Amino acid sequence: MGLEYQDVIIEIIKSIIILPQVDEKIDLDTDLKNIGLDSLSFVKTVVEIENHFGIEFPDERLDIFKADTVRKLCKIVMEVKDPRGEIG
């Protein structure tokens, strides 16, 4: 999984969720709901990711319960950027 995606997404999350527990290490499998991601901050996170990478999340992927880790968000970004799976 591309580190550039992971690092950017983690920084976006840290800029949106302003809570003490976010200062802890966020890794690929951190449950983002447990560190304060709610429906509003999820939408803000998705918009920032879309803007940064120049993509648009498919409507069916706009589900906080299906995209609740950095790993899942990275996977969505990779799939949208290259639907044929030819990245890296």
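Apart from neighbours within four places in sequence, Glu50 is in contact (heavy atoms within 4.5 Å) with Ile55, Glu56 and Phe57. Glu50 is placed in helix 2, where helices (H or I, at least four residues) and strands (E, at least two) are DSSP runs numbered from the N terminus. Glu50 counts as buried because its relative accessibility is 16%; the term buried denotes under 20% relative accessible area, exposed over 50%, and partly exposed in between, with a 1.4 Å probe and protein chains only. Between the C-alpha atoms of Glu50 and Val77, which are 27 residues apart in sequence, the distance in space is 8.4 Å.

The structure is a predicted model, in which local features need pLDDT of at least 70 and side-chain atom pairs count only at pLDDT 80 or more, while totals for chains, interfaces and linings use all residues. Residues are numbered from 1 along each chain as its sequence is written, and side-chain values use heavy atoms, with hydrogens and water left out.

The protein contains three helices and zero strands, and its pattern along the sequence reads α-α-α. Of the 88 residues in the protein, 40% are buried. When contacts between residues at least 6 apart in sequence are considered, 61% of them join residues at least 24 apart.

Two packed helices are described by the angle between their axes and the distance between the axes. Helix 2 (residues 39–53) packs with helix 3 (residues 70–81) at an angle of about 40 degrees, and their axes are 12 Å apart. Here axes are lines fitted to C-alpha atoms, for helices over the stretch in contact, and angles run from 0 to 180 degrees between N-to-C directions. Helix 2 and helix 3 are therefore oblique to each other, given that angles under 35 degrees count as roughly parallel, over 145 as roughly antiparallel, 65 to 115 as roughly perpendicular and the rest as oblique. The crossing of these two helices, helix 2 and helix 3, is right-handed; a crossing has this hand if the near helix is turned clockwise from the far one by less than a right angle, and is left-handed if anticlockwise.

On the side of helix 2, Phe42, Thr45, Ile49 and Phe53 take part in the contact, and they meet Leu73, Val77 and Lys81 in helix 3. Five of the residues in this contact are nonpolar, one is polar and one is charged. In this classification Ala, Val, Leu, Ile, Met, Phe, Trp, Tyr, Cys and Pro count as nonpolar, Asp, Glu, Lys and Arg as charged, and the others, Gly among them, as polar.

In soluble globular proteins, nonpolar side chains tend to be buried together. The largest nonpolar core in the model has 25 residues, of which Ile9, Ile13, Val70 and Leu73 touch the most other members. Helix 1 (3–16), helix 2 and helix 3 are the elements that give two or more residues to this core, and helix 1 gives the most, with six residues. A nonpolar core is a set of buried Ala, Val, Leu, Ile, Met, Phe, Trp, Tyr and Cys residues joined through side-chain atoms within 4.5 Å. When neighbours within four places in sequence are left aside, the contacts of Leu73 are Ile9, Ile13, Leu32, Phe42, Thr45, Ile49, Phe57 and Ala67.

Val77, in helix 3, counts as buried because its relative accessibility is 0%. Its contacts, with neighbours within four places in sequence left aside, are Tyr5, Ile9, Ile49, Phe53, Ile55 and Phe57. Val77 and Tyr5 are 72 residues apart in sequence, yet their C-alpha atoms are 7.8 Å apart in space.

Thr30 is in the loop between helix 1 and helix 2; beyond neighbours within four places in sequence, Thr30 is in contact with Lys25, Ile35, Asp68, Thr69 and Val70. Lys25 is also found in the loop between helix 1 and helix 2, but counts as exposed at 70% relative accessibility. Ile64 lies in the loop between helix 2 and helix 3 and touches Lys33, Leu37, Asp38, Ser39 and Phe42, not counting residues up to four places away in sequence. The C-alpha atoms of Ile64 and Leu37, 27 residues apart in sequence, are 8.5 Å apart in space.
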